[in-house]
Amino acid sequence: MSEEKLSFQAEVSRLLDIVAHSLYSNKEIFLRELISNASDACDKLRYLAVTDGDLMKDDPDFRIDLEIDKDGKTLTISDNGVGMNRQELIDNLGTIARSGTDAFMAQMENNKDGSNLIGQFGVGFYSAYMVSDKISVTSRRAGEDQGWKWVSDGKGTFTVSEVDKDTRGTSIELHLKEEQKEFGEELRLRTIIKTYSDHIPIPIRFKKAASESEDGTIENVEEWETLNSASAIWTRSKSDVSDEQYKEFYHHVAHAYDDPWLREHFRVEGVLEYSGLLFIPGSKPFDLFHPDRKHGVKLYVRRVFITDDCQELVPAYMRFLKGVIDSEDLPLNISREMLQDNPMLRKIRGGIVKRVLGLLDKKAENEPEEYIKFWENFGPVLKEGLYEDLSQKDPILKLCRFRSVNNDGWISLADYIANMKEGQEHIYYISGEDEKALRRSPQVEGFKAKGVDVLILNDSVDEFWVTSINEFEGKSFKSVTRGGADLGKIDSSEAEDEKSEDKEDDKAELGALLGYMKLTLENEVKDIRSSERLTDSAVCLVADEGDMDIHLERILRSHNQVDQDSKRVLEINPKHDLVKRLSDLIKQDGAASDLEDIAWLLLDQARILEGQMPSDVTTFAQRMSRVMGKGLS
């Protein structure tokens, strides 16, 4: 086949332009990324060879080799891993098949130092264009005879052609830019490998230059020196691994450049034996909530890589975890299908969950301010476990932190219960999307007046767990937008007690107005009643006992899970000046037409406060104009 010229995917061209013209201060990370990719290629072949030994029988020892050519100004990184054929070269190097690309691009363009972004979206290969103006990739897929060559200067196109290659694997030749020739120096490469890639469990070798003897003959024609420790870091003793080595392994396994927030290096022995090295990142990934996001914990069996996408190993609500689990008991030839219902894997998963929840509980207890950093990054994800894993709901609830109407910071459920008022039987909450709007919601007015705190649930996951969990430490959860407010049972201040007789008088005065409004709005609302929860606002809408919560219904309707809106209860504040004047007005002859407009306007006002539109915008505007006109006259 002759040389074929192809164009990059649009996102790749955009990325390459950013990288090639970058001013990133930490350009050396390109080598970390290319070596990490080479290590992954060896891991994949080792796994494939478990069931097909012929793939690597001709060359059983894995390695990653570095060569420099000072005259040609090139640096070559080679591996004898799984390799790529023509289509894989095009797919892997010509497109970005990874979720969150748009978010990544936006961050790249706005970040002065993108070293903490390179690699996070499977684009580590392109970081090589920070130091080179042309890249040649020669590769042969294990088990295939034909080699292929991919070449590009990173300016929009690349070529693919057939080439003779005697061995499997991939060689990447970088033509270094003049100003980046430092990466063609042996000492510089040694330092980079020791800093970033010492943990790689495959020998990283450097080809030493040939030397001449005194008689002019060449010695050491081909001598290789291993630059890294070349042992799996999770198999070493904790005392033999430095903080810096742990950090660089995290960078490798997480494709990240931030510092890990927490790490756990452990070994479990007994009926089931496995070891692990797990990290919780210090920052939130861009694609944390993307449905195509892969899990970040790699599964090994006796140091042999099995998969980096084992959904059965770590639950979805712990998808923030990065690291490695290495089992001594699973069979080496286990398939992806066999992993889906494996009792040993279920036990490992259960052990991981308990260990991580225990670590988080310890952190929350001993370092509460530090724990909040985790919660602000990953709290919404952890809360998914409240309905996905009911067996762990109690320890997860203990870890949850909330905003509330009486607090500016975060509080736990234990904090909430400790500050409950005398006579308070429920943990009250209000759910929605906007924290500021929820703090000002009419439904919380009566609670605030009595000093009763209300939790603010403004994560999209909240509506789903709070409806499936009945209680915490004997106290049930209750939405302030549902049913009766039960505020009468809660101890009041003396000033409020003195007003109780006035409240009864207010309710009596309100009777005629409620009766009229029920007749007027009977097809729009389920009921109209006097409110205990309102102090400043005239009206609000609530869900009746047994009905779906207002915010939950709105979420389900947006996903076409609900066909029509439920009728709600309209609550009227008998103490509000407007309501008192309307109660007087209804006693007057000829007031019916005015009251009908006002009744509809009150309902539409309540809808607007809930973030809804009036049922008929045009009619709403006409009514508003009529009422305002009469008021001005």
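First, the ground rules. The model is predicted, so local features need pLDDT of at least 70 and side-chain atom pairs count only at pLDDT 80 or more, while totals for chains, interfaces and linings use all residues. Residues are numbered from 1 along each chain as its sequence is written, and side-chain values use heavy atoms, with hydrogens and water left out.

Why do such pairs form? Side chains of opposite charge can pair when their charged atoms come close. Here, a salt bridge means a side-chain nitrogen of Lys or Arg within 4 Å of a carboxyl oxygen of Asp or Glu. That rule gives 46 salt bridges.

Take Glu225 and Arg190. Their side chains form a salt bridge, 2.4 Å from N to O. The pair links distant parts of the chain, 35 residues apart. Glu225 sits in strand 11 (residues 223-226), and Arg190 in helix 5 (residues 186-196). Both labels are DSSP runs numbered from the N terminus: helices are H or I, at least four residues, and strands are E, at least two.

Now accessibility. Buried is under 20% relative accessible area, exposed is over 50%, and partly exposed lies in between, with a 1.4 Å probe and protein chains only. Glu225 is partly exposed at 27%. Arg190 is partly exposed at 24%.

Next, Glu178 and Lys181. This salt bridge spans 3.7 Å, N to O. Glu178 is partly exposed, at 46%. Lys181 is exposed, at 55%.

Last, Lys393 and Asp394. Their closest N and O atoms are 3.3 Å apart, in a salt bridge. Lys393 is partly exposed at 21%. Asp394 is partly exposed at 47%. Elsewhere, salt bridges with shared partners join Lys518, Lys526, Asp527, Arg529 and Asp544 into one network.
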